[in-house]
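This briefing covers aromatic contacts and strand pairing. Please keep the sequence and coordinates open while reading.

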Amino acid sequence: MKKFLIVLATVIPAIALSADLVVYSPQADAQRGDFIKTEAENALGINIEFITAGGGSLHDRIVAEAKNPQADVIMGLTQPGMYSLQMKGLLQPYSPVWKSGLPDAYKTADDSFTMFWQTPIVIAYSPKCLAADKVPTAWTDLIKPEYKHTFVIGGLGSQTTRAYLAGILSQYRSGDDVTDAGWDTMKQFYGNSLSENDWSEVVKGWSDCSIPIMLNWFGGVFKVADSAGLEFKVVNTKGGTPVIAEGIGIIKGTDKTALAQRFVDWWGSPVFMTKYANKFGQVPAHPQAIANADESIRIKAKMVTAQPIDWLWVTENQSDWLETIELDIME
């Protein structure tokens, strides 16, 4: 196969030299990043500088900087991104104090990273736009003729997009490969989707019902719903919902190991995870944080059934899958 590069539109800014700790994270947008920085300064007395971009972009930057690391912590990549960094030897093992009590699914055997959030990647819809009996009940339903041009597939650089593509292909695993039927399904999936690269137009389509189905991360659904003043419902899909978990790890080569460890211990603690969950509606991975959170968070934690996915297998094969999709499937 020919090799390819996914062109990433995000330009990552230069790192501020005044920071006590530099953290790469795809989730540290202005609102969340400012909140975390303020909380870290109050709790730890340290100044955090976030560099935020797409997960794939940050992963590739860490790889490119391997001989001269520019960041101390990577926070918020999903399992494939974190496992890839682990496999490349770019993470410094550390066992955070909050690892105790975590389900095994959120731990790694060598402590190269630990997962702190669980994020379902869901099919959602607005009852205003789609009747309940017309809603797809499984991800593979989206290849049916009645769903043509009812949804948009995100860019290949998006962790969310990569997660639901992996979820679909995982349903067609045979040994270490994806069957021909799986690739046929992927072709039909892309063939049924709308082509729209302008995010504002996508959001408008969700609001005016020209795009009645939303494929998004769980929190993103409710973020759009709040901004549009609409109700969205999440489908508990047959076969399960891809659930990604964001991880945190210390970048190998940092000269601020002790400070990075303090940050990791604070960040994933049930106390802070509960506070974060209540503010942003994110479901933590730690059972104690879920138990301590508001009732709305506890309800969200039970809304979907997780699809069993071998994320290490996904990590080992994802680059080839994305290459196939870009070269042979996308138009």
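How many aromatic pairs does the structure hold? The structure holds 22 aromatic pairs, where rings of Phe, Tyr and Trp (its six-membered ring) pair if their centres lie within 6.5 Å, and planes under 30 degrees apart count as stacked, over 60 as edge-to-face and the rest as tilted. This is a predicted model, in which local features need pLDDT of at least 70 and side-chain atom pairs count only at pLDDT 80 or more, while totals for chains, interfaces and linings use all residues. Residues are numbered from 1 along each chain as its sequence is written, and side-chain values use heavy atoms, with hydrogens and water left out.

**Aromatic rings**
- Phe-263 and Trp-267 are stacked, at 6.4 Å centre to centre with 20° between the planes.
- Both residues belong to helix H8 (residues 257–267) and are four residues apart, about one turn of the helix; helices (H or I, at least four residues) and strands (E, at least two) are DSSP runs, numbered from the N terminus.
- Phe-263 and Trp-267 are both buried (under 20% relative accessible area, 1.4 Å probe, protein chains only).
- Ring pairs link a cluster that includes Phe-35, Trp-117, Phe-263, Trp-267 and Phe-280.

**Charges over rings**
- Arg-173 has its charged end over the ring of Trp-313, 4.2 Å from the centre (CZ of Arg or NZ of Lys within 6 Å of the ring centre and within 35 degrees of the ring normal).
- The charged end of Lys-279 is placed over the ring of Phe-280, 5.7 Å from its centre.

**Strand S10**
- In strand S10 (residues 243–251), nine of nine residues are buried.
- Strand S5 (residues 114–125) pairs antiparallel with S10 over six bridges (pairing takes at least two DSSP bridges).
- Trp-117 has Glu-246 in S10 as its bridge partner.
- Strand S3 (residues 73–77) is joined to S10 by four bridges, also antiparallel, and Val-73 stands opposite Ile-250.

Technical notes. Buried < 20%, exposed > 50% of the residue type's maximum accessible area, 1.4 Å probe, protein only.
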